[in-house]
Amino acid sequence: MMCYTPPYNPSWFLQNGVMMTVYTALWGKRNWESTVFLQEPSYHEKIFIGGQGVPIFGLVAIPENAHSTIIGTYGITGELETEWFLRVLGRKAYAQGYAVVLFDWRAHGKTAVLSPTLTSDGLYEGEDFVRIAAAAKAMGCPGKFWFTGYSLGGQLALWAVKVAGEVIKEDEDLGLEDSDIGGGMVICPSLDSQRSLSYLVTKPFGRYLEAGIAQNLKKLAWRIHDVHPGSLDPEAIERANSIWGFDNELVIKRLGFPSVEAYYQASSALQILPQISKPTLILYAADDPLFDPAIIPELEEACDRNFAIDLLLTQYGGHVGYLSSKECQRQVQDPDLWWAWNRVLQWLEQQRTDSIC
């Protein structure tokens with residue numbers, strides 16, 4: 001576990017998980033660029049080949065004298081062009097000497113244009129991360145490679161850390177060594193979809209949010225249908241009016257699962273935590289309004305039993321929020337209010353220092 005836990009405190013009006021979540025999403029989208037006093041990296045486009053030969057669209061930026069590489073993606077819906085929270089990391093990491101690889105995961109953004117392959121919540125995306133790392137290495141991105149994501153993207157990154165050794169061992173031509181993989185860093189990862197979805201729809205805010213996510217998933221499905229004619233049944237898309245419905249109508253049959261419950265159980269990140277053997281940081285807020293708080297004791301127990309995992313559990317933070325107050329910024333000597341990404345990079349620097357020593 002981390003021997004030093006930097007304090008986190010938001011402004012008083014953000015000491016509520018729902019408020020933090022909503023405020024960060026709305027305020028951050030409009031104002032994030034004015035808070036990060038670093039230039040946007042000069043990204044260039046790259047089409048990677050993930051597991052099962054699925055093409056994955058990504059952006060790559062390699063600074064001079066890069067020392068290691070961060071590979072990241074975002075949550076349940078979105079695309080690289082609009083995922084500003086991921087671009088905050090890109091600017092910060094690039095400025096600190098990391099090569100940066102950001103990608104649209106399966107069925108998202110430009111990857112959805114390249115392939116009709118749907119999501120698997122980590123079961124196959126974990127391998128995508130590893131194969132992206134191999135291609136990035138061939139491009140000149142230096143090891144070690146660190147996998148990151150937030151929300152559902154955090155679940156994908158945890159799967160990547162879990163399967164990296166297996167993928168490398170099975171594919172001798174991959175061009176990666178196990179020692180090339182550093183580990184992972186995740187913010188507010190999805191850990192148990194079944195319990196958290198059941199919890200989410202018991203609250204008015206949760207029902208509103210779930211409906212919005214479901215509509216975005218439906219738009220995603222229609223986009224794939226339009227770009228790849230015949231790939232998805234339009235009647236099934238019409239029936240997919242919830243997150244559960246999207247997985248039931250469009251995902252589970254393709255993956256060979258008899259039910260959504262079986263799919264969620266198989267892809268759950270909570271159950272794979274004991275199998276993670278590379279250094280991994282999990283940032284998790286106790287007031288995250290999207291996830292069932294009953295998961296927290298199980299998360300703590302799993303992390304206590306696995307010395308590879310550092311759990312940074314905070315009282316506040318909401319869902320992928322973690323905006324820090326001015327006082328908090330002074331206390332931890334942060335250059336801005338993006339507390340979570342600052343902790344990720346601080347933790348990474350400690351890993352690099354420890355490996356050198």
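Me: Why is Trp146 called buried?
Reply: This is a predicted model, in which local features need pLDDT of at least 70, side-chain atom pairs count only at pLDDT 80 or more, and totals for chains, interfaces and linings use all residues. Residues are numbered from 1 along each chain as its sequence is written, and side-chain values use heavy atoms, with hydrogens and water left out. Buried means under 20% relative accessible area, exposed over 50%, and partly exposed in between, with a 1.4 Å probe and protein chains only. Trp146 has a relative accessible area of 5%, so Trp146 is buried.

Me: What does Trp146 touch, leaving out residues up to four places away in sequence?
Reply: Contact means heavy atoms within 4.5 Å. Among the residues that Trp146 touches are Ser68, Ile70, Gly183, Met185, Pro279 and Trp347. Trp146 itself is found in strand S5, residues 145-150; a strand is a DSSP run of E with at least two residues, a helix a run of H or I with at least four, and both are numbered from the N terminus.

Me: Is Arg343 buried or exposed, and how do you know?
Reply: Its relative accessible area is 3%, so Arg343 is buried. Arg343 lies in helix H13, residues 339-356.

Me: What makes the pair Arg343 and Gln346 a polar contact?
Reply: A polar contact is a pair of N or O atoms within 3.5 Å; within protein, one must be able to donate a hydrogen and the other to accept it, and residues adjacent in sequence count only if both atoms are side-chain atoms. The side chains of Arg343 and Gln346 are joined at 2.9 Å, so the distance falls within that cut-off.

Me: Why is Cys328 called buried?
Reply: The relative accessible area of Cys328 is 1%, so Cys328 counts as buried.

Me: How do you know that Cys141 is buried?
Reply: Cys141 has 2% relative accessibility, and therefore counts as buried too.
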